[in-house]
Amino acid sequence: MSKSTAFLVFDSYVKRVGWDAKLVNESYPWIEKRIAHKPKLAPWQRAVRDSLLEVGISPFNGFTYDHKFGTKVGGTIFDDSGRRHTAVELLTSGNPQNLNVLIHATVQRIVFDTSGSKPKAMGVVFKDEHGEEHQVFLSRNPGSEIILSSGAIGSPQMLLLSGIGPKADLEKLNISVVLDNKFVGKGMQDNPMNTVFVPTNKPVRQSLIQTVGITKMGVYIEASSGFGQSGDSIQRHHGIVSAEIGQLPTIHPKKRTEQAIQAYKDSKEDLPFEAFMGGFILEKLASPKSKGHLSLINTNPDDNPSITFNYFSHPLDVKRCVYGIRMMEKIVNSKHFINYTRLDKASADKLLNLSVKANINLLPKHTNDTSSLEQFCKDTVITIWHYHGGCHVGKVVGPGYRVLGVSGLRVIDGSTFFESPGTNPQATVMMLG
């Protein structure tokens, strides 16, 4: 939600997932009042806003939390002083008499009572900061239950570690099968992101995503700026698209080596320093058709599971990405952006090749092949961290988010989503709480 957020998502989305629309719209302001703010629009964001409108992504909807077609300025979790507000602040709304929070506690698995006709969740095993294991159990109150909320990656992983998942996969790792459910970890999706880097001949003010263009093609156009402003500050990092700050999820685990990352950073030495003083324009695909899966590598909860998102395996995703790249080319060549960046048309035409070299995913690159925008999409795909799936409603959990086939356990997070709502799902995930 540091990006433009959508506190009121599409009515159609709310209907599809079976939520109470009135309750949903009453719940979003609870998030808005505590951690959301109206951003001070940075110059880069103003240029993007004006360019989006110039290329036809209209109307201008002003500052709004609503998710509407056109161009808008969305909310931010950074206040006027630059302080970031997070979900932990929502705990202030809780009753401290009924709330105990254990920090540095890492859940290892959920414990079930399998003596009855249906397995019942009865407690969890967790490790403290010293690595010591502890067990905690539900009270005897009939309404007591465990709520699993570890995210689109953590929740299916935890179910598998606890014995809920495909029987054959669990048995290979000698995990006692509590419930055979072939759908756990299936239907994993991520909204692919592609970026075009826009260099400037002088540093620009830092800004995270404040302006967004919401197209009817299901492509969102956004932008960020001001990373790497000097040689000793961020040192050729590109913020959210850098290898050093988090683009490793797009790399196969076996290729995620220190040597590979260092080689990537070394390759940036050939890029003009101006590329690190400007910013970038990005596109995110809404509701991708490409799907993947999650599975355990071992039984250690501290180790990441194996995840495959199969980016751009569906031709419709590639088609929409190409549409987004063409829109970004138009934005870079628009009068508002050229006036801001002082790029001429010839320089703007070189940005795609620059972006191919600059992005991090360790895929084989096809520089000087930007005539094929389909190839550009595949070469430069990176994550925007909007993972979802793995515990879908109707397959792993029921309408009330109770895990099917067991009692005393719910999953409430993005792993239950069939698609990521809005331009950024954080507000919706918090609203569910």
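A disulfide is a pair of cysteine sulfur atoms within 2.5 Å. In the predicted model examined here, the structure holds 1 disulfide, in which Cys321 is joined to Cys377 with an S to S distance of 2.1 Å. The torsion about the S-S bond of Cys321 and Cys377 is about -100 degrees, and the disulfide is therefore left-handed. The pair links distant parts of the chain, with Cys321 placed in helix 7 (residues 315-332) and Cys377 in helix 11 (residues 373-380), 56 residues apart.

Elsewhere in the chain, Thr64 is found in the loop that lies between strand 1 (60-63) and strand 2 (70-73). Despite this placement in a loop, Thr64 has a relative accessibility of 11% and therefore counts as buried. The side chain of Thr64 contributes a polar atom that lies 2.9 Å from the backbone nitrogen of Asp66, a separation that falls within the 3.5 Å cut-off applied to pairs of N or O atoms in polar contacts.

Conventions: Residues are numbered from 1 along each chain as its sequence is written. This is a predicted model: local features need pLDDT of at least 70, side-chain atom pairs count only at pLDDT 80 or more; totals for chains, interfaces and linings use all residues. Side-chain values use heavy atoms; hydrogens and water are left out. Helices (H or I, at least four residues) and strands (E, at least two) are DSSP runs, numbered from the N terminus. Buried means under 20% relative accessible area, exposed over 50%, partly exposed in between (1.4 Å probe, protein chains only). A polar contact is a pair of N or O atoms within 3.5 Å; within protein, one must be able to donate a hydrogen and the other to accept it, and residues adjacent in sequence count only if both atoms are side-chain atoms.
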